[in-house]
Amino acid sequence: MTLKKEIGERLRKLRKEKALTQKELSKRVAVDYSYIGKIERGEQLPSIKMLIRISEIYSVPIGYFFHEDPLIGLLEHLPEELIDIAGDKKKRIFLKLLKDIDEEDIPLIIEILRLLNEHKRAYRYKGRLLKVAEHRRPYKKKHLS
């Protein structure tokens, strides 16, 4: 599919989701409605300036018009740690709760998490030492007969 067609399909989808006619959209972006129709049919490639105006009207990033899936396009730019968190339901819940905390509580929460991680590392380390020690055979004295 050509870029003109992809942009046109995305524009049509957005316009219909917002229940606007081509005329209503054309008034908002200050162009003739036939121009909107040409874009949607993939006959006209809009300028970047036009796409910026349209993206502002619909409150979508301009990249929406260029990625096959806007969400995937955004995910490609996220750090790997955030992608891992996004895939874990419990961690997403944790992040949602963090959103509502007071700024002054952040140092305390960071310290709690740091101590929790240190405790877990120490526990895991001690657990490995105990397992190694348990595998050793006890010393037995040989009896002289």
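Contact here means heavy atoms within 4.5 Å. The structure is a predicted model, in which local features need pLDDT of at least 70, side-chain atom pairs count only at pLDDT 80 or more, and totals for chains, interfaces and linings use all residues. Residues are numbered from 1 along each chain as its sequence is written, and side-chain values use heavy atoms, with hydrogens and water left out.

The protein chain has eight helices and zero strands, where helices (H or I, at least four residues) and strands (E, at least two) are DSSP runs numbered from the N terminus. Read from the N terminus on, the elements follow the order α-α-α-α-α-α-α-α. Of the 145 residues in the protein chain, 18% are buried; buried means under 20% relative accessible area, exposed over 50%, and partly exposed in between, with a 1.4 Å probe and protein chains only.

Helix α2 (residues 22-29) packs with helix α3 (residues 33-40) at an angle of about 110°, their axes lying 8 Å apart. The angle therefore makes α2 roughly perpendicular to α3. For these terms, axes are lines fitted to C-alpha atoms, for helices over the stretch in contact, and angles run from 0 to 180 degrees between N-to-C directions; angles under 35 degrees count as roughly parallel, over 145 as roughly antiparallel, 65 to 115 as roughly perpendicular and the rest as oblique. From α2, Gln 22, Lys 23, Leu 25, Ser 26 and Val 29 take part, and they meet Tyr 33, Ile 36, Gly 37 and Glu 40 of α3. By class, four nonpolar, three polar and two charged residues form the contact of α2 with α3.

Attention now turns to charged pairs. Side chains of opposite charge can pair when their charged atoms come close. A salt bridge is taken as a side-chain nitrogen of Lys or Arg within 4 Å of a carboxyl oxygen of Asp or Glu, and by this rule the count comes to six salt bridges. In one of them, the side chains of Glu 40 and Arg 12 meet at 3.6 Å, N to O. This pair links distant parts of the chain, with Glu 40 in helix α3 and Arg 12 in helix α1 (residues 3-17), 28 residues apart. Glu 40 is buried at a relative accessible area of 2%, while Arg 12 is partly exposed at 26%.

Glu 40 also forms a salt bridge with Arg 15 (2.5 Å, N to O). Here again distant parts of the chain are linked, Arg 15 in helix α1 and Glu 40 in helix α3 being 25 residues apart. Both Arg 15 and Glu 40 are buried.

A further salt bridge joins the side chains of Arg 114 and Glu 111 (2.3 Å, N to O). Because these two residues are three residues apart in helix α8 (residues 106-135), Arg 114 and Glu 111 are separated by about one helical turn. Arg 114 is partly exposed, with a relative accessible area of 36%, and Glu 111 counts as partly exposed at 33%. Through shared partners, salt bridges join Arg 12, Arg 15 and Glu 40 into one network.

Note on methods. Ala, Val, Leu, Ile, Met, Phe, Trp, Tyr, Cys and Pro count as nonpolar, Asp, Glu, Lys and Arg as charged, and the others, Gly among them, as polar.
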